[in-house]
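Here is a short tour for anyone meeting this model for the very first time. Take a look at the sequence and the structure, then read on.

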Amino acid sequence: MKLNALDAIRDGVVRMEHMTVKDFNQRASEMGFKRDHDIFTCISFDEIDQLTRSIILSQDFETKTNLYFLNDVSQHSKIMYNAQTKLLFIIDLSEEEHLKKVKSDVVMSISHELRTPLSVALGNVQMLKDFSTFKDPDSEGMINKTLKSLNKLEKIISQLSLLTQAEFGSYSLRYEIFEPIKVIEEVLSDYQKKIDAKNLQVNVNCPVETIKADRFIIYTILRNLISNAIKYSHVDSIIECNFTENLITVKDTGIGIREEERIRVFERFFRGAESFKHAQGSGLGLSLVKYLCEISGYKVWFESKWLIGSTFYVQLSNNHLQKS
Ligand SMILES: Nc1ncnc2c1ncn2[C@@H]1O[C@H](COP(=O)(O)OP(=O)(O)OP(=O)(O)O)[C@@H](O)[C@H]1O
Ligand SMILES: [Mg+2]
């Protein structure tokens, strides 16, 4: 097939013979590819040596990088080499990046705009609840429900804006030395009412005295994992929380995660089919944990069996976590 048949597509397609450019479509021609020229003379990017090694060894290659063309133009691109067809694909990601940035700006400004009226509403409803003189249960019930919904809305807004900051790299890590046990205790005290209501036993094992990490990130990770363990546990059960050396584990014997839902739990707004029956939520907790782990260089994963229970793990990287 002649590659000019692919002129209509907006990605560059180039046919290689060893290191030599043999054929290309219109888009690749605009990028500066020239027939019978060596690939090094047409483009440049950080991992070009790996690409040439893959071409020599007849292996597939894929990377996302800033690609520089002869005319000094650069473009954030996905570069893929398919060893079987000897085709090199150059996919322009700059528009995608731009859209991501627009999305981030929209979420951040909407969150910001919503916060002020929401705080006013929350403050007023709270005052109504505290100083309310009418004693009829219907009105009291309505106030409580409104307060609950407003609190939920506030949580969604702060999770979303934190998630957006983490996703777009605008969260700057702040390292400090602190005692992880204090953070665990803080999370447990946030959820004490729920722990008591379900009569849960939470066993904590934290032999590490102090660590150097971003306290807010460790708090948010623990808060979300412990809150899930509480929400999805049966009454009278045990939750184990370990913070050892550089591994956090939160284990429950709750409802577990169905096989077919396992790949979706870190997705934004995903909630398992059963989770609705057990607790309220917005499906943002684990996606936030995942992004915070990514920006901190931590690894998060889980083991779970439907109806048996789940264990979530966070491996803290040695670079970021230093014992003081
Ligand atoms: N410990 C757990 N046991 C069983 N299912 C879990 C557990 N943790 C997470 N899940 C499943 O993964 C889904 C996504 O979890 P995530 O924490 O992101 O959202 P959520 O708990 O539903 O809501 P949110 O955390 O935003 O309040 C949950 O709805 C539930 O189906
Ligand atoms: Mg959750």
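How many residues lie between β4 and β5 in their hairpin, and which residue in the turn has a positive phi? There are 4 residues between the two strands, and D72 is the one with the positive phi, about 70°.

## Before we start

This is a predicted model, so local features need pLDDT of at least 70 and side-chain atom pairs count only at pLDDT 80 or more, while totals for chains, interfaces and linings use all residues. Residues are numbered from 1 along each chain as its sequence is written, and chains are lettered from A and ligands numbered from 1 in the order in which they are written.

Helices (H or I, at least four residues) and strands (E, at least two) are DSSP runs, numbered from the N terminus.

## The sheet

Let's begin with the strands. Six of them make an open sheet in the order β2-β1-β6-β5-β4-β3, with antiparallel pairing. Two strands pair if DSSP finds at least two bridges between them. At the edges sit β2 (20–24) and β3, each pairing on one side only. Helix α2 (residues 48–56) packs on this sheet and touches β1 (12–17), β3, β4 and β5, and its direction makes about 20° with that of β5. Contact here takes C-beta atoms, placed from the backbone, within 7 Å of each other.

Now for the pairs themselves. β3 (residues 43–44) and β4 (residues 61–69) are antiparallel over 2 bridges, with I43 opposite F69. β4 also pairs with β5 (residues 74–82), again antiparallel, over 8 bridges; there, L67 has Q75 as its bridge partner. Next, β5 and β6 (residues 87–92) are antiparallel and joined by 6 bridges, and I79 stands opposite I90 in β6.

## Two helix pairs

First up are α4 (residues 137–167) and α9 (residues 285–296), whose axes come within 9 Å and cross at roughly 30°. Axes are lines fitted to C-alpha atoms, for helices over the stretch in contact, and angles run from 0 to 180 degrees between N-to-C directions. The two helices are therefore roughly parallel to each other. On this scale, angles under 35 degrees count as roughly parallel, over 145 as roughly antiparallel, 65 to 115 as roughly perpendicular and the rest as oblique. The contact involves Q159, L162, L163, A166 and E167 from α4, plus S287, L288, Y291, L292 and I295 from α9. Sorted by class, these are 7 nonpolar, 2 polar and 1 charged. Ala, Val, Leu, Ile, Met, Phe, Trp, Tyr, Cys and Pro count as nonpolar, Asp, Glu, Lys and Arg as charged, and the others, Gly among them, as polar.

The other pair is α5 (residues 180–190) with α7, packed at an angle of about 45° with axes 9 Å apart. That makes α5 oblique to α7. On the α5 side you'll find P180, V183, I184, E186, V187 and D190, which meet R215, I218, Y219, L222, R223 and I226 in α7. This contact has 8 nonpolar, no polar and 4 charged residues.

## Around ligand 1

What surrounds the ligand? Of the 23 residues around ligand 1, Y232, G272, G281, G285 and L286 come nearest; a residue counts as near if its C-beta atom, placed from the backbone, lies within 6 Å. The elements giving two or more residues to this shell are α7 (215–231) and α9. With 4 residues, α7 provides the largest share. The shell's classes come out as 8 nonpolar, 12 polar and 3 charged.

Methods
Contact = placed C-beta atoms within 7 Å.
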